[in-house]
Amino acid sequence: MAMTYNEDQSMLRDSARDFMSTEAPVAHLRKYRDMDCKDGFSHDLWKQFAEMGFTGILIPEADGGLGMGHIEAGIVLEEIGRNLSPSPFLSTSVVAAEALKAADKAMRDRWFPGILAGETVIGIAIEEGKKHHPEKIALKAERSGNGFRLNGAKQFVVQGRSADMLIVAARTGGAVGETDGLTLFAVEKDAAGLSMDAARTVDSAMAARMAFDGVEVTADAVIGDVDGGWTVLAKMLNAGRTGSAAEMVGVGTGAMDLTFDYLKQRKQFGRVIGEFQALQHRAAHLYGEMEMARSAVLKAQNLLDEDDPRAELYASVAKAKAGLACCLSVREGVQMHGGIGMTDEYDIGLYMKRDRALAEFMGDIYFHADRVAKLNGY
Amino acid sequence: MSELEAFRTEIRAWIEANCPPEMKTPIKSDDDTCWGGRNFVFQSEAQKQWMERCAEKGLTVPDWPKEYGGAGLSPAETKIFRQEMARAGARSPLNSFGIWMLGPALLKFGSEEQKRHYLPQIARGEIRWCQGYSEPGSGSDLVSLQTFGEDKGDHWVVNGQKIWTSYADKADWIFCLVRTDKANKYQGISFLLFDMETPGVSTKPIKLISGNSPFCETFFDNVVVPKHQIVGELNRGWDVAKYLLGHEREMISGMGGDGGTASLGGGFKDALGDEPILRAQLAMFDVESLAFRAHSERFMDEWKTGKAHPAYSNLMKYIGTELNKKRHELVMAAGGSDALEWESERSHGGKRARDWLRTKANSIEGGTSEVMLNVVAKRILDMPGA
Ligand SMILES: Cc1cc2nc3c(=O)[nH]c(=O)nc-3n(C[C@H](O)[C@H](O)[C@H](O)COP(=O)(O)OP(=O)(O)OC[C@H]3O[C@@H](n4cnc5c(N)ncnc54)[C@H](O)[C@@H]3O)c2cc1C
């Protein structure tokens, strides 16, 4: 395992960079925000993602996908982050794809083709509180006939209202706080008893709160094993945490590039502000932090692709470190821009908002630092 | 099995068969480090054996070419060798400024004759080197150095003073920056090698806050240095000096990873029950330290294959040393009043406290953190000059 991109990966990066910066630059996000789009992303863009082959990166070749790994998915995510491109890629092509890989053939055949075509969007319904605690899932699934009946609530389902299907983590056994007794269900968007309240989040995406009021699903809707959902959920979490960390590397780098450009242009006291050592040192420190985050993420991706058990630990290291570095980048970004950094018209603030939303996705810095400690026995 | 995997199997078996058990225990003090040199006294037969066995296979300098005493390993093989050494918990067989600093500079700038003469001596641990860069008036602003070498035809006569010369009193030879042209600041320095036993060289140890005296003032009083002992061209020593500093910084940055211990907090499990904030600080530190370990791996993969920015080791040095200082602050905090003991048997002569104090130099020696940030800003980020 080398901690550098091979030739194919470098080519993928070039084409993803090219695609995202022309088809979905920051102006694209602004456009969808300003038209108050109810999805928070463009369906046309999602189709273009499919034409580029991005949507099938993690889908196995046997299912018609590209059968590539988390490094490749991360390459696309970094460019998404750098351009703040709004898309269902992280939820659908990374987290849901990881879950569906563990599903039976009928379910894979039901959903993979739509994802590959850029027609299907899948929402991830895990969270029940304002902070990430997957083992505390309480939404209840009781046996009913040959299937299950779901009762409870979910929140922070990104693009939930636009989703064709939701992957819902529910409790079929065990006590709240335990990882045993969880089961994953594929719930179709128009299921009876499912209601949604979608709200725009600070980053101009849409996230839904959902109520499950006696939602009936058949036994075929189960992904993985009844009561053994944690096995698949853990994989989804590893993929989502590492994936969101990769996106944050993109967000942080994008903000940093904007800032460094500004340091080389803006003049005060008769010189370019980038000449001031106080700013140079902070810039160099920031660069180092972003570089460390990039390495931590690449390590996690490598370990995931090799099915190495240390991926658990490194997914948390990656999410925590990317969280620290990206947050520093956007804060320094706004500060070093001075007044213009506070304006809506200038892009740096949009980076700050995306960072805040990604920070909460599947566990924040503190959650993951705590997890690193626990995994190391303290 | 791929060739690399075959290599891994082979090297693993070799370490297994050749590394004495005592050389697989953690280093307790600086005395456990094998520095080599004319006057080095081995701590044990095992230490001597381990160095000699490695030297015989070229493994004290695994990636140097075979003809100069190395094992000629490729970057990928070197990485595997280091992983297997860490896996076995094997100590480094030989450490020295010759390996870390002078060797790489000679490989790049030395004449064929110099390489064949000096490099194998370094690889076999026969000659111990010290570094004569800093002077009382020239620290961060190294290029202002004053030690002068007067041209006397077939030799120079060197006069002046160096300071902070680590292990000058124990070293056999010195690589030294000497001004050979007073009119030209950058292109007036030459990189000279000479024996510390040459008449006119004297040293005076300086005591550190850790209580040890690993470095000295070094004086040159009409020291004769033959002309063939210059590395690189006359007055172009600054190029050699900078290249060497790159390797020095790379080496120092390695300390942040700290010898393979995965988690700092994991070592204090039992003591943290009543210390929630300390536990939290350790957890945040472990995030940094694991991220840095991944980062060092990426840097090595890029550096050894020529993909890293030439100034990147400055960034590594900054991050690694700041992290190492933080590590030792936390070690002291977790150790509480136990860690304050300075002389007791129980505390191995105050090892924790002395190590903690010693780490404060990490962000000074080899170029300060502030200077590293200056270099990163200017050379990597391309920030405008003041
Ligand atoms: C343990 C130890 C071992 C050493 N070993 C060796 C050795 O073997 N050989 C050798 O030659 N040298 C050695 N050194 C010397 C070391 O390289 C110097 O101490 C170092 O380069 C700093 O120089 P100085 O001490 O003169 O500090 P100064 O240069 O006087 O710096 C004082 C302070 O000013 C800051 N500063 C200086 N210039 C700038 C600037 N442009 N911008 C911002 N801040 C600035 C510094 O960062 C520092 O905080 C060693 C030092 C130590 C502590």
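Predicted model: local features only at pLDDT ≥ 70, side-chain atom pairs only at ≥ 80, totals over all residues.

User: Which residues come nearest to the ligand?

Analyst: Ser134(B), Ser140(B), Trp164(B), Thr368(B) and Glu370(B), out of 18 residues around the ligand. A residue counts as near if one of its heavy atoms lies within 4 Å.

User: Why is the site called shared between chains?

Analyst: Because the residues that surround the ligand come from chains A and B.

User: What lies 2.8 Å from a nitrogen atom of the ligand on the chain A side?

Analyst: An N or O atom in the side chain of Gln277(A). On chain B, a backbone N or O atom of Gln131(B) is 2.8 Å from a ligand nitrogen, and a polar backbone atom of Tyr133(B) is 2.9 Å from a ligand oxygen. A polar contact here is a pair of N or O atoms within 3.5 Å; within protein, one must be able to donate a hydrogen and the other to accept it, and residues adjacent in sequence count only if both atoms are side-chain atoms.

User: What classes of residue are in the shell?

Analyst: Five are nonpolar, 10 polar and three charged. Ala, Val, Leu, Ile, Met, Phe, Trp, Tyr, Cys and Pro count as nonpolar, Asp, Glu, Lys and Arg as charged, and the others, Gly among them, as polar.

User: Now the cavities. How many are there of 30 Å³ or more?

Analyst: Four. On a 1 Å grid over the protein atoms alone, a cavity is a set of points where a 1.4 Å probe fits but cannot get out, and lining residues have an atom within 4 Å of a point. Points are joined across faces, edges and corners, and a volume is the space filled by probe spheres set on them.

User: What is the volume of the largest cavity?

Analyst: About 320 Å³. Among its 24 lining residues, Val158(A), Gln159(A), Asp203(A), Ala205(A) and Arg354(A) are closest to its centre. The lining has 14 nonpolar, seven polar and three charged residues.

User: And what lines the second largest cavity?

Analyst: Ile124(A), Ile126(A), Glu127(A), Phe156(A), Phe361(A) and Met362(A). The space in this second cavity is about 60 Å³.

Definitions and conventions
Residues numbered from 1 in each chain as written. Chains lettered and ligands numbered in written order. Heavy atoms only, no water. 1 Å grid on protein atoms, 1.4 Å probe; cavity = no way out; pocket = protein on both sides within 12 Å on 5 of 7 lines; lining within 4 Å.
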